Amino acid sequence: MKKDRLGLVLIAASLLAIAVVGALVYRNGLQVHRQNIRVSGTALTRAVSGMESASDASAAIAGLDREPLLRSLATLQNDDNLAYLVVVDTSGRKLRELVSPGSIVPAATMPTEAYAWFGEHTLASPGDRIAIREFFAPVMGDGQLAGFVRAGYFEAYRPFASHQLSLMGLMALPIFLLTTLAYLLLRREIEPLTQLGEKLNAVSRSYGAELHGVDAAGGNDGLMRRFDGFLRVVQARVDGLAQEKAESQTAARLTSYKHEKSEYALNSLPDAIVVLDDTGTATFANLKLEQLLDRRREELVGKSVQEWCENRDVMNFLLRHKQASVAGRNAMLDYAPDGDPERRIRIAAIPLFAPRDRTNLSGMMFVFRDISIEHKARQAGSDFVSHVAHELKTPLNALLGYSELLLHRSTLSEAEQVNAVNVIRSETERMATLINNLLNISKMEGGSLKPERARVRLHDLIQDAFQSLHNSALGKSIELELSIPPDIGSVRLDKYLFRIAVDNLLSNAIKYSNPGGRIVVSVGTLDDGQIQIKVRDQGIGISAEDCRRIFDKYYRSSSDAAASRTGHGLGLYLAKQIIELHQGTISVASELGKGTEFTVTLKAQPVTLEMSEAV
Amino acid sequence: MKRILIVDDEAHITLVLKMHLERAGYAIETANNGKAGLEAVTRQAPDALITDIQMPLMTGRELCLAIGQALPARTFPILVMTSRTDREEREWTAAIPLLEFLEKPVSMRSVLSRLEKHLGSGVVAGATP
């Protein structure tokens, strides 16, 4: 369509060019025509004028019959434009007349003044009003004006005479041919541009933008506009892409931030985590796993369980659960890493489901937790149960045995009977002590045992404890010595609890003293007002290693000498707990075979505080 | 006279068992820990062994295992006086032949009946008071 328009324009242009050329040719022709007429007319009239003039006035015009000569002259000119040639006298009478067919000689007023005898003017043919250019010259007779020669030419220019048409055709033809050629060439040149334009349109459309208002104009201008439009679209697209890029970068940063955050959280967990996909390949491991398995994550991730798991039980567990108990029951496995019985690691298998689809298992997560401490605690709990069972049932055993013996007291001697009863009594007391200790420890550990502090005379408290154990000391021939200043004053403490601590320290000293040994209990006040209670024996002593653990719950020395003494490993532990409950400290100094000294230090108790509390 | 070895760190228990069993006509030897008990067993195998479990130096469990090592073809029974009869305790004893539990508190009648079961009745006929 646009191509057609171009064709029309080209045709119009060629026609215009032809018209212009035609007009120019016409104008030129007109000028040449007029010039020709003038030259012909002037020449003819002058020639005839010369020919007609004579010295004799009468002979001047009327003289000889010169018509054939005239005719020859006119014919000589061979001019189609010559309308007529007449010789007139001064009155206007035609003397001689040569007229082309169809022409009429118009009447004319001839000039009289001599300066205007030669000249020309335009007349109109009487019949058809055709413009006639007439040239005239005087005919003289004896120096006097005898008449005029008048030659009339058709002024109208007939440019397209048959001989000229072929010329015009020859001129127009190349223009036409050139125009056509130019059109074809242009078309050929424009074709790719048009295609380019359409392509631009198509591309723009694919970007979702229409090149608006560019269809209205074709050609180069259209192409330019289209190109402009295209550039705008491209620019918009580039801007859009830049925006998208920025957005995606932000999103990526956000994602990476989120990822890092969750990774950080996963790495901060106290538990080690490994995720296996459904082929049993590790896809994720957190930092903790490196420590727990002593393997770098790179050694695990992307590898199958068989490649990195050394422990057969663990491997079987991991593989067994790779397809998983989808039931949601989280299976567990406890194992001792590297065969270390002190350590325990618990693996929990947790199925990972695809989000929003509880039936699609995407993998398994295994959480490795170091439960060594819990294991130890459980072990300790189990030990505690055996320990307590033993400590409680052993006296029962004695009680049952001796009471059964007493059933047959007739067979027993007096001394045997007394001994049996004594054993029953002491074993009962032992059980009671143990039960009390256990209860106190359990209360203290549970936090429900709060010391009920009251003003207590320390002197009396120590004295009472000392007295009550005096008998058992005497039984082992142990000498007991008490050194306590009578003015030691009173302290605020839980009398009942503190007595347990002191009793435990004293009975301990007796238990580990050798017969004939000596135990010294001394109480004193330090310079800074702290009160110190020392229990020193000359017993079997405690090794340096045992000293470190002597206050631990259930701890009993494994040395031969200590092992021959009964004990339940609670006394010193309980004493320490009670003393610390009173913001005091207890320490031990000992030498094997020489003896042991326990030192209890109680904080100084300001009098003002006591008084204010007493109010 | 059948010889019974009693291993216990509790002097009261050893004493009362000894009194009871002597009256029943057994000859009694005592040891106050597993180590001493093992020495006594290797010195001369008794006709029966009565042992406590929780003892210093060597526990009853260690003693039983040590005897198993030292005397693979042991023929005398071991009576274990235990405070616990739970699974853990049963597990290790299950592997030891000729071993019986005596759950604390141990009645003298049950000790005697076990011994009779293994050593035959009427060890000292009429000796029981």
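**Exercise 1. Describe the secondary structure and burial of chain A.**

Solution. Chain A has 16 helices and 17 strands. Helices (H or I, at least four residues) and strands (E, at least two) are DSSP runs, numbered from the N terminus. Residues are numbered from 1 along each chain as its sequence is written, with chains lettered from A and ligands numbered from 1 in the order in which they are written. The model is predicted: local features need pLDDT of at least 70, side-chain atom pairs count only at pLDDT 80 or more, and totals for chains, interfaces and linings use all residues.

Next, burial: 25% of the 615 residues of chain A count as buried. A residue is buried if 20 or more other C-beta atoms lie within 10 Å of its own, exposed if 12 or fewer, and partly exposed in between, with C-beta atoms placed from the backbone.

**Exercise 2. Work out the strand order of the open sheet of 5 strands in chain A, and find its edges.**

Solution. Step 1: the order is S12-S14-S15-S17-S16, with mixed pairing. Two strands pair if DSSP finds at least two bridges between them.

Step 1: strand S12 (479-483) and strand S16 (585-591) each have a single partner strand, so they stand at the edges, one side of each being left without a neighbour in the sheet.

Step 2: S12(A) pairs with strand S14 (residues 518-525) of chain A in the parallel sense, over 5 bridges. A:Arg518 in S14(A) is the bridge partner of A:Glu479.

Step 3: helix H12 (residues 495-511) of chain A lies across S14, strand S15 (531-536) and strand S17 (595-602), at about 25° to S15(A). Here axes are lines fitted to C-alpha atoms, for helices over the stretch in contact, and angles run from 0 to 180 degrees between N-to-C directions. Contact means that the C-beta atoms of two residues, placed from the backbone, lie within 7 Å.

**Exercise 3. Which residues of helix H2 (residues 34-43) of chain B are buried, and why do they line one face?**

Solution. Step 1: the buried residues are B:Gly34, B:Gly37, B:Leu38 and B:Val41.

Step 1: seen down the axis of H2(B), they fall within an arc of 100°, so they line one face of the helix. The arc is that of the directions from the helix axis to the C-beta atoms.

Step 2: on the face turned away from the buried side of H2(B) are the exposed residues B:Glu39 and B:Arg43.

Step 3: the cover over the buried residues of H2(B) includes strand S1 (3-7), strand S2 (27-31), strand S3 (48-52) and helix H3 (60-70) of chain B.

**Exercise 4. State how confident the predictor is in chain B and in the complex.**

Solution. Step 1: chain B has a mean pLDDT of 86, with 93% of its residues at 70 or more. pLDDT is the predictor's confidence in each residue, from 0 to 100.

Step 1: over residues 125-129 of chain B, pLDDT stays under 50.

Step 2: the complex is given an ipTM of 0.83 and a pTM of 0.47.
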